Amino acid sequence: MNLPRHIAIVMDGNGRWAQSRRRPRSFGHQAGVKAAREVVRVCAERRIEALTLFAFSSENWNRPANEVSRLMDLFMRSLNREVDELHGNKVRLRFIGDLAAFSPDLRHGMILSERKTAANPGLNLSIAVNYGGRWDVAQAAQKLAKRVSQGELAPEQVDERSLQSEFALADLPSPDLLIRTGGEQRISNFLLWQLAYTELYFCETLWPDFGPAQLQLALDDYASRQRRFGRVPTPKQVGNG
Ligand code: IPE
Ligand code: IPE
Ligand code: MG
């Protein structure tokens with residue numbers, strides 16, 4: 001079966017999942033962490049090269065203060081709880097986004113866990129927190145502008161390749177498959193540049209209910225796609241060759 005090298009997921013629907021059980025939204029976020037753990041496990045087992053999870057967008061700060069602070073607590077606790085197991089499973093963990101907005105404790109925890117797992121040969125797991133696709137483009141442009149102003153780079157060298165090299169996931173192949181749970185069919189400022197030729201998969205399942213069976217449906221769907229990248233299909237081409 002044709003497996004994606006890199007899967008990106010917008011983990012949406014935690015709030016509705018909790019509300020339908022008459023529980024607070026934070027209960028849904030807790031259940032969401034369990035779903036994420038399971039999907040990471042399956043991806044590592046299936047030897048997927050990279051998994052990028054959208055956990056907190058730059059726009060999510062606009063939620064009620066109480067929900068944001070519960071989410072920050074949950075990030076801190078999950079980080080402490082999960083890192084050893086991730087490390088044991090050879091996962092290489094990193095965080096992408098503007099981390100400056102987080103508390104020093106949380107930032108410290110993120111940096112330590114990145115360092116601890118940096119040499120691992122397994123799944124490249126990237127967690128997008130305070131991430132926005134527009135932020136990513138802007139920060140890449142800013143880095144190149146600095147290099148131009150320091151005379152390291154000519155303005156004509158600001159091109160797709162140099163810009164690409166400054167993006168958060170520059171060292172990974174672009175996502176082959178984007179999954180968004182929770183029924184909405186939008187990108188919500190997740191990876192913008194990187195999704196140029198990604199296959200999009202939307203499902204109604206709310207994130208806490210997304211498990212190995214739902215992941216398999218997405219992988220089956222992906223395997224049936226024909227990726228053309230602007231070319232015409234060759235007569236023999238079947239699936240996404
Ligand atoms: C996604 O679930 C998790 C975060 C954005 C942190 P939501 O909290 O957006 O859940 P819904 O969309 O309101 O159901
Ligand atoms: C996208 O979900 C962000 C994450 C899953 C972290 P949102 O729930 O914030 O997206 P919108 O508001 O429905 O577009
Ligand atoms: Mg949502």
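Let me start with Leu-53, which, leaving aside residues up to four places away in sequence, touches Ile-9, Met-11, Ala-36, Val-40, Leu-125, Ser-126, Ile-127, Ala-128 and Phe-190. Please keep in mind throughout that what you see is a predicted model.

Leu-53 belongs to the largest nonpolar core, which holds 41 residues, and together with Ile-9, Leu-51, Leu-125, Val-129 and Ile-179 it touches the most other members of that core. Which helix gives the most to this core? That is helix H3, covering residues 65-88, with 7 residues. There is also a second, separate core of 13 residues, and among its members are Ala-8, Val-10, Phe-54 and Ala-128. As general background, nonpolar side chains in soluble globular proteins tend to be buried together.

Let me turn now to the aromatic residues. Searching the whole structure gives 11 aromatic pairs, and one of them joins Tyr-131 and Trp-135 edge-to-face, with 6.0 Å from centre to centre and 75° between the planes.

Phe-190, for its part, is buried, with a relative accessibility of 0%. Phe-54, Tyr-131, Trp-135 and Phe-190 form one aromatic cluster, and you will recall Phe-54 from the second core and Phe-190 from the contacts of Leu-53.

Rings meet charges here as well: the charged end of Arg-21 sits over the ring of Trp-17, 3.9 Å from its centre, and the charged end of Arg-23 sits over the ring of Phe-27, again 3.9 Å from its centre.

My last stop is Asp-176, in the loop between helix H6 (160-164) and strand S5 (177-180). Is this residue buried or exposed? Asp-176 counts as buried, because its relative accessible area is 11%, which is under the 20% limit. Not counting residues up to four places away in sequence, Asp-176 touches Pro-4, Arg-5, His-6, Thr-198, Glu-199, Tyr-222 and Arg-227.

How values were computed
Residues are numbered from 1 along each chain as its sequence is written. Chains are lettered from A and ligands numbered from 1 in the order in which they are written. This is a predicted model: local features need pLDDT of at least 70, side-chain atom pairs count only at pLDDT 80 or more; totals for chains, interfaces and linings use all residues. Side-chain values use heavy atoms; hydrogens and water are left out. A nonpolar core is a set of buried Ala, Val, Leu, Ile, Met, Phe, Trp, Tyr and Cys residues joined through side-chain atoms within 4.5 Å. Buried means under 20% relative accessible area, exposed over 50%, partly exposed in between (1.4 Å probe, protein chains only). Helices (H or I, at least four residues) and strands (E, at least two) are DSSP runs, numbered from the N terminus. Contact means heavy atoms within 4.5 Å. Rings of Phe, Tyr and Trp (its six-membered ring) pair if their centres lie within 6.5 Å; planes under 30 degrees apart count as stacked, over 60 as edge-to-face and the rest as tilted. A charge sits over a ring if NZ of Lys or CZ of Arg is within 6 Å of the ring centre and within 35 degrees of the ring normal.
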